[in-house]
Amino acid sequence: MQQALAAARQSLYITSPNPRVGCVIVHHNQIIARGATQMAGGAHAEVMAIRQAQSQGFTAWDEAVFYVTLEPCSHHGRTPPCVEALIALKPKQVVIAMLDPNPVVAGRGVQQLRTAGIEVITGVETEAALVINVGFVSRMVRNLPWVWLKTASSLDGRTALANGESKWITGAAARLDGQQFRARSCVVLTGIGTVLADDPQLNVRDIATPRQPIRAVIDSQLRFPLDAKMLDGHPVWIFTCVQQPDRLQPLADKNAQVIVLNANADGQVDLHSVMRWLAQQQINEVHVEAGARLNGALLQAGYVDSLISYIAPVLLGEGRPVTQINPLSHLDQAYRFELLQSQKVGDDVRLIMRQPQSWHTLLSHLQQLSQ
C-alpha cells in the first residue's frame with residue numbers, strides 16, 4: 001500500500017476535481033505494475049496499472065492482488081467504472097486504503113467486488129490516503145473545500161514592516177517551497193488589499209504542472225484594477241457583494257468572472273457563501289495567501305483547516321501581523337492547531353499545522369464507512 005500511496009502522490013497536481021489515486025498490482029509478492037489517476041477525463045489508477053501489466057504480457061489475474069488507495073469507482077462519469085474492469089479480470093484480492101466518501105460510490109464498489117466473488121480488504125493506511133485527498137473528502141463530507149492558509153513572517157510574527165515593506169522576509173528557498181502548495185490547490189485565494197498593495201501573480205511558476213490553479217480574490221467593493229498582473233489570461237474569480245454592471249464586461253474580456261454574493265453584517269463578502277460556492281464548483285483545496293485582515297476573517301469564521309507557516313530568523317519589531325482578529329479575553333479561546341511537521345527550508349523554518357476537529361470529522365466519516 002505504501003507503493004500505491006506513492007503512486008497517488010504522483011497525481012497531486014493534476015487530477016482536480018477528481019481524487020488522487022494510486023494502484024499497484026502484486027503477483028506472488030512482486031510488484032508487476034503501477035498506475036496513477038490522470039487528468040480529469042483520463043484513465044483512473046486501476047486502468048493505468050492494468051494497461052501496464054497487459055503491455056508486459058501478464059495474464060495470471062486470478063493470482064493477482066490489487067492495492068488501491070481509494071475504493072474503485074462504481075458509477076459512469078467521464079470514464080467507465082473501474083470496478084467493472086476489476087470484475088472482468090477476477091483478481092484474487094483487492095486491498096483498499098479508504099472507501100470513497102462520494103455518495104454515488106460509498107461502498108457500492110466494494111459490494112460489487114464481493115458479489116463477484118473477489119476478496120476485499122478495506123481500511124489499510126486510511127489516514128495516509130486521507131492526507132493525499134483531504135480536499136476531495138472535505139467536499140464530499142462537509143460540502144466545503146479544505147482551506148490551507150500560508151504565511152511568511154518574522155520570529156515576532158510580522159509579515160511586513162509598519163510601512164508595508166515585505167520583500168523579502170523569508171528567503172528564496174522558502175518561496176520556492178511554497179509553490180508546491182499552490183500547485184496542489186484548486187484555487188489560490190487572496191484579498192483585494194493584497195492585490196492593490198503588492199500586485200501579485202499568485203500562479204505556479206517554478207514547479208512543472210500542466211494545470212494552473214484558479215486565482216480568486218475577495219473584493220467586497222469591486223475595486224479590482226484592470227491592469228493587475230493577475231489578469232494574464234488564465235481564469236480569475238472575483239467575489240464581491242456590490243452590483244457594478246459597467247465593470248463586468250471589461251473584467252470578462254480579461255477572463256475574470258465576477259461572482260456577486262451576500263454581504264455580512266459589516267458589509268463585506270460573506271465567507272460562508274464563498275466557501276459553499278467554491279464547493280459547488282467542485283473545488284477541493286483552497287490555498288490562501290492574503291493579508292492580516294482576510295487571514296483573521298477566515299480564522300474567526302472557522303474556515304482555516306491547515307496552516308503552512310514559514311518563519312524567518314529575524315526580528316522586525318513594530319509591523320504588520322499575520323492575522324487581524326478580535327481580542328481574546330481567555331487563553332482557552334485561542335485558535336489552536338496541532339503541529340504535524342517542522343522542517344528547515346534554506347535559512348527559514350516551515351511549520352505545517354492542522355485544525356484537529358476538521359481532520360477528525362473527515363477521518364471519523366471514513367472509518368464509519370469501513371465498518
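Predicted model: local features only at pLDDT ≥ 70, side-chain atom pairs only at ≥ 80, totals over all residues.
**Helix 2**

I started with helix 2, residues 45-55, and asked which of its residues are buried. I found Ala45, Glu46, Ala49, Ile50 and Ala53. Seen down the axis of helix 2, these buried residues fall within an arc of 130°, so they line one face of the helix. I reminded myself that an α-helix has 3.6 residues a turn, so residues three or four places apart point the same way. Next I checked what covers the buried residues of helix 2. The cover includes strand 1 (22-27), strand 2 (30-36), strand 3 (64-70) and helix 3 (82-89). I also noted Gly57, which follows helix 2 and has a positive phi, near 85°.

**Helix 6 against helix 12**

Then I looked at how helix 6 (134-142) packs with helix 12 (356-370). Their axes are 10 Å apart and the angle is about 80°. An angle of 65 to 115 degrees counts as roughly perpendicular, so that is how I logged helix 6 and helix 12. From helix 6, I listed Val134, Val137, Ser138, Val141 and Arg142. They meet Ser358, Trp359, Thr361, Leu362, His365 and Leu366 of helix 12. I sorted the residues of this contact into 6 nonpolar, 4 polar and 1 charged.

**Thr170**

Last, I went to Thr170, in the loop between strand 7 (158-161) and helix 7 (172-184). Is Thr170 buried or exposed? Its relative accessible area is 8%, and buried means under 20%, so I put Thr170 down as buried. Leaving out residues up to four places away in sequence, I have Thr170 touching Ala152, Ser153, Arg175, Tyr310, Ala312 and Asp348.

Terms used
Residues numbered from 1 in each chain as written. Heavy atoms only, no water. Helix = DSSP H or I, 4+ residues; strand = E, 2+ residues; numbered from the N terminus. Buried < 20%, exposed > 50% of the residue type's maximum accessible area, 1.4 Å probe, protein only. Contact = heavy atoms within 4.5 Å. Arc of directions from axis to C-beta. Axes fitted to C-alpha atoms, helices over the stretch in contact; angles between N-to-C directions. Parallel < 35°, antiparallel > 145°, perpendicular 65-115°, else oblique. Nonpolar A, V, L, I, M, F, W, Y, C, P; charged D, E, K, R; others polar.
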